[in-house]
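Here is a short briefing on one protein model. Look at the sequence and the structure first, then work through the points below.

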Amino acid sequence: MTDDAQTAIKDTVTSNDVVLFMKGTSEAPQCGFSSRVAGVLNYMGVSYKDVNVLADEGLRQGIKDYSDWPTIPQLYIKGEFVGGCDIITEMTLSGELDQMFDQHDVAYDKDAAEKIREANG
């Protein structure tokens, strides 16, 4: 992987409060896992930067190397790698994601988060 990809990824995750590296975009996800995580963030009203890894093969491999995590999507909050689809789903249902947003002063709709838990409880 190139140093350029590493630098670009680091700049992206440190200059945005919430970043989702995904296949496709927040409006048009290109895989079910990316769609699920984007759907949670969209429903909870979280403002985030979406990065389409399908647009750049260097970025697609680069983010896996950067996080040492083999799959996409990948969610970052305040520069910290949080996890992929399964982890984000579990954290949403347990309330851990809410806590992380609270700790990092990331705005989200608490009522929407509760509705997700009620619907999946």
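Five aromatic pairs turn up in this predicted model. Phe21 and Tyr76 form one that is edge-to-face. Salt bridges come next, and four of them are found in the whole structure.

**Aromatic rings**

- Are Phe21 and Tyr76 buried or exposed? Both are buried.
- Ring pairs also build a cluster. Its members are Phe21, Tyr66, Trp69, Tyr76 and Phe81.

- Asp17 and Lys78 form a salt bridge, with 3.3 Å between their closest N and O atoms.
- These partners are 61 residues apart and link distant parts of the chain.
- Asp17 lies in the loop between helix 1 (3-15) and strand 1. Lys78 lies in the loop between strand 3 and strand 4 (80-83).
- How exposed is Asp17? Its relative accessible area is 40%, so Asp17 is partly exposed.
- Lys78 is partly exposed too, with a relative accessible area of 40%.

**Lys110 and Asp102**

- The side chains of Lys110 and Asp102 also meet in a salt bridge, at 3.4 Å from N to O.
- Lys110 has a relative accessible area of 48%, which makes it partly exposed.
- Asp102 is partly exposed as well, at 38% relative accessibility.

- Where is Arg117 found? It is in helix 6, which runs over residues 110-120.
- Glu114 forms a salt bridge with Arg117. Their closest N and O atoms are 3.1 Å apart.
- Both residues lie in helix 6, three residues apart. That spacing is about one turn of the helix.
- A network of salt bridges links Asp98, Glu114 and Arg117.
- Why does Arg117 count as buried? Its relative accessibility is 16%, and buried means under 20%.
- Glu114 is partly exposed, with a relative accessible area of 40%.
- Which residues does Arg117 touch, leaving aside neighbours within four places in sequence? They are Thr92, Leu93, Gly95 and Asp98.

**Ser26, a buried loop residue**

- Ser26 lies in the loop between strand 1 (18-22) and helix 2 (32-43).
- Ser26 counts as buried because its relative accessibility is 16%.
- A polar contact of 2.9 Å joins its side chain to that of Glu27.
- Leaving aside neighbours within four places in sequence, Ser26 is in contact with Ala38, Asn42, Tyr48 and Asp50.

**The whole protein**

- How many helices and strands does the protein have? There are six helices and four strands.
- From the N terminus on, the elements run α-β-α-β-α-β-β-α-α-α.
- The C-alpha trace spans about 45 × 30 × 20 Å along its principal axes.
- The protein has 121 residues and a radius of gyration of 14 Å. A compact globule with 121 residues would have a value near 14 Å, so the two agree.
- Of the 121 residues, 41% count as buried.
- Take the contacts between residues at least 6 apart in sequence. Of these, 59% join residues at least 24 apart.
- The accessible surface comes to about 6,400 Å². Carbon and sulfur atoms account for 45% of that surface.

Methods
Residues numbered from 1 in each chain as written. Predicted model: local features only at pLDDT ≥ 70, side-chain atom pairs only at ≥ 80, totals over all residues. Heavy atoms only, no water. Helix = DSSP H or I, 4+ residues; strand = E, 2+ residues; numbered from the N terminus. Buried < 20%, exposed > 50% of the residue type's maximum accessible area, 1.4 Å probe, protein only. Polar contact = N/O pair within 3.5 Å; in protein donor to acceptor, adjacent residues only side chain to side chain. Contact = heavy atoms within 4.5 Å. Phe/Tyr/Trp six-rings, centres within 6.5 Å; stacked < 30°, edge-to-face > 60°. Salt bridge = Lys/Arg side-chain N within 4 Å of Asp/Glu carboxyl O. Rg over C-alpha atoms; globule rule 2.2 N^0.38 Å. Areas by Shrake-Rupley, 256 points an atom, 1.4 Å probe, with all protein chains shown as cover.
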